[in-house]
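Reader: I have the sequence and the model open side by side, could you walk me through a few places in it?

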Amino acid sequence: LGMTASFSSSERAALERTSDASSRPCKTRAELFHYYEISKCITFVQTGNHQSVTLQFPDELLPDAAAVASLIEEKTQSQPYILADTSYGSCCVDEIAAQHVNSDCLIHFGPASLDPGLRVPVLYVFG
């Protein structure tokens with residue numbers, strides 16, 4: 001075990017991780033708005049005049065990702081991109097992936113390391 005083990009999951013754990021897409025954490029639109037702080041997300045996108053938004057979810061919240069993306073797109077007219085490939089720890093902000101899609105900002109959902117966004121503005125939503 002090197003120093004990197006304390007900062008990331010093992011590649012075996014990442015490859016063997018499963019997710020049950022049939023059990024969405026939020027069942028209703030009202031639950032989505034509350035849990036994912038959609039109003040806060042909308043304000044962040046609109047205030048920054050962001051046209052493309054990367055949404056990063058930990059694996060256990062991925063079942064809600066499409067619904068959250070739809071709400072943000074509907075309310076802001078921005079283009080959402082969902083990151084669904086957690087390769088390190090889900091707490092790590094993946095600004096490089098956001099740059100690959102030329103995203104203007106990134107919204108990180110779930111537990112986070114709270115590193116400041118250096119490449120794109122980052123909003124943290126803890127749920």
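Reader: Let's begin with N102, where is that one?
Author: N102 sits in the loop between α5 (95-100) and β3, where helices (H or I, at least four residues) and strands (E, at least two) are DSSP runs numbered from the N terminus. Please keep in mind that this is a predicted model, in which local features need pLDDT of at least 70, side-chain atom pairs count only at pLDDT 80 or more, and totals for chains, interfaces and linings use all residues. Residues are numbered from 1 along each chain as its sequence is written, and side-chain values use heavy atoms, with hydrogens and water left out.

Reader: What is phi of N102, and is N102 buried or exposed?
Author: Phi of N102 is near 55°, which is a positive value in a residue other than glycine. N102 is exposed, with a relative accessible area of 62%; buried means under 20% relative accessible area, exposed over 50%, and partly exposed in between, with a 1.4 Å probe and protein chains only.

Reader: And V101, what does it touch?
Author: V101 lies in the loop between α5 and β3 as well, and, not counting residues up to four places away in sequence, V101 touches T54 and Y81, where contact means heavy atoms within 4.5 Å. The C-alpha atoms of V101 and T54 are separated by 8.3 Å, although these residues are 47 apart along the chain. V101 is partly exposed, at a relative accessible area of 31%.

Reader: Stepping back, how many helices and strands are there in the protein chain?
Author: The protein chain has 5 helices and 4 strands, and along the sequence they follow the pattern α-α-α-β-α-β-α-β-β. Of the 127 residues in the protein chain, 37% are buried. Among contacts between residues at least 6 apart in sequence, 64% join residues at least 24 apart.

Reader: OK, now α3, which of its residues are buried?
Author: In α3, which covers residues 38-47, the buried residues are I38, C41, I42, F44 and V45. Seen down the axis of α3, these buried residues fall within an arc of 160°, so they line one face of the helix; the arc is that of the directions from the helix axis to the C-beta atoms.

Reader: What covers that buried set?
Author: The cover over the buried residues of α3 includes α2 (29-35), β1 (52-56), α4 (65-76), β3 (105-109) and β4 (122-125).

Reader: How do α3 and α4 cross?
Author: Their axes, of α3 and α4, come within 10 Å and cross at roughly 50°, with axes being lines fitted to C-alpha atoms, for helices over the stretch in contact, and angles running from 0 to 180 degrees between N-to-C directions. That makes α3 oblique to α4, since angles under 35 degrees count as roughly parallel, over 145 as roughly antiparallel, 65 to 115 as roughly perpendicular and the rest as oblique.

Reader: Which residues make that contact?
Author: On the α3 side the contact is made by I38, C41, I42, V45 and Q46, and on the α4 side by V68, L71, I72, K75 and T76. The residues of this contact divide into 7 nonpolar, 2 polar and 1 charged, where Ala, Val, Leu, Ile, Met, Phe, Trp, Tyr, Cys and Pro count as nonpolar, Asp, Glu, Lys and Arg as charged, and the others, Gly among them, as polar.

Reader: What comes just after α3?
Author: Just after α3, N49 takes a positive phi of about 55°, although N49 is not a glycine. N49 is in the loop between α3 and β1 and is exposed, with a relative accessible area of 57%. G48 lies in that loop between α3 and β1 too, but G48 counts as partly exposed, at 37% relative accessibility. The C-alpha atoms of G48 and P121, which are 73 residues apart along the chain, are separated by 8.8 Å.

Reader: Switching to L123, what does that residue touch?
Author: L123, which is found in strand β4, touches K40, C41, F44, L106, I107 and H108, leaving out residues up to four places away in sequence. L123 is buried, with a relative accessible area of 11%.

Reader: Last one, is L61 buried or exposed?
Author: L61 counts as buried, at 7% relative accessibility, and lies in the loop between β1 and α4. Leaving aside neighbours within four places in sequence, L61 is in contact with P25, Y35, Y36 and G110. The C-alpha atoms of L61 and P25, 36 residues apart along the chain, are separated by 6.7 Å.
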